[in-house]
Amino acid sequence: QVQVVESGGGLAQPGGSLTLSCKASGSAYFLSSKTMAWHRQAPGKQRELVASIRTARPAEYSDSVKGRFTLSRDNNTKNAVILQMNALKPEDTAVYYCNVLTHPDLQNYWGPGTQVSVSS
């Protein structure tokens with residue numbers, strides 16, 4: 001019912017910036033109220049929540065990215081969000097996954113993931 005597609009990512013130097021985009025498509029009914037979030041998983045580590053934004057609410061961030069990453073709604077594309085990542089650190093290296101959680105049925109949908117690598 002819902003498809004999730006990510007774009008962006010790649011390689012950046014420490015202190016650099018990258019932008020990730022995520023778009024959800026499918027039933028307008030299911031997407032009318034949702035949380036869109038970015039998670040990441042580094043090699044050998046558990047997947048962790050990076051940032052999330054729920055319909056009509058402000059974005060929330062993990063402590064590890066607060067002040068460096070900004071999650072916003074894409075005003076030009078329906079059901080899409082943008083994660084602006086600044087002041088990147090090597091420890092930000094991970095596969096980043098976009099997640100859509102629909103409300104109130106709490107169905108989870110995941111994108112395939114996109115690699116972010118931070119290295120000099």
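Because the model is predicted, local features are reported only where pLDDT is at least 70 and side-chain atom pairs count only at pLDDT 80 or more, whereas totals for chains, interfaces and linings use all residues. Residues are numbered from 1 along each chain as its sequence is written, and side-chain values use heavy atoms, with hydrogens and water left out.

A disulfide is a covalent bond between the sulfur atoms of two cysteines. With a disulfide taken as a pair of cysteine sulfur atoms within 2.5 Å, the count comes to one. The bond is formed by Cys22 and Cys98, whose sulfur atoms lie 1.9 Å apart, and the link of Cys22 and Cys98 is left-handed, with -80 degrees about the S-S bond. Cys22 lies in strand β3 (residues 18-26) and Cys98 in strand β9, so the pair ties together parts that are 76 residues apart in sequence. Strands here are DSSP runs (E, at least two residues), as helices are (H or I, at least four residues), and both are numbered from the N terminus. Cys22 is buried, at 1% relative accessibility, and Cys98 is likewise buried, at 0%; residues count as buried under 20% relative accessible area, as exposed over 50% and as partly exposed in between, with a 1.4 Å probe and protein chains only.

Side chains of opposite charge can pair when their charged atoms come close. Under the criterion that a side-chain nitrogen of Lys or Arg lies within 4 Å of a carboxyl oxygen of Asp or Glu, the model has four salt bridges. One of them joins Lys66 and Asp63, with an N to O distance of 3.4 Å, and both of these residues are exposed. In another, the side chains of Arg40 and Glu48 meet at 2.7 Å, N to O; Arg40 is buried, with 5% relative accessibility, while Glu48 is partly exposed at 33%. The side chains of Arg68 and Asp92 also form a salt bridge, again with an N to O distance of 2.7 Å. Arg68 lies in the loop between β6 (60-61) and β7 (69-73) and Asp92 in the loop between β8 (80-85) and β9 (94-102), so this pair ties together parts that are 24 residues apart in sequence. Arg68 is buried at a relative accessible area of 10%, and Asp92 is buried at 0%. Salt bridges that share partners join Arg40, Glu48, Arg68 and Asp92 into one network.

Thr35, in strand β4 (residues 34-41), is buried with a relative accessible area of 14%, and its side chain makes a polar contact of 2.8 Å with the side chain of His103. When residues up to four places away in sequence are not counted, the residues touched by Thr35 include Ser52, Ile53, Arg54 and His103, where contact means heavy atoms within 4.5 Å. Thr102, placed in strand β9, is buried at a relative accessible area of 0%, and a polar contact of 2.9 Å joins the side chains of Thr102 and Asp105. With residues up to four places away in sequence again left out, Thr102 touches Val2, Phe30, Ser33, Lys34, Gln107 and Tyr109.

The peptide bond from His103 to Pro104 is cis, with omega near 0 degrees, and Pro104 is found in the loop between β9 and β10 (108-110). Ala56, in the loop between β5 and β6, has a positive phi of about 70 degrees although it is not a glycine, and Ala56 is exposed, with a relative accessible area of 74%. Ala87, in the loop between β8 and β9, has a positive phi near 50 degrees and is partly exposed at 37% relative accessibility.

Conventions. Polar contact = N/O pair within 3.5 Å; in protein donor to acceptor, adjacent residues only side chain to side chain.
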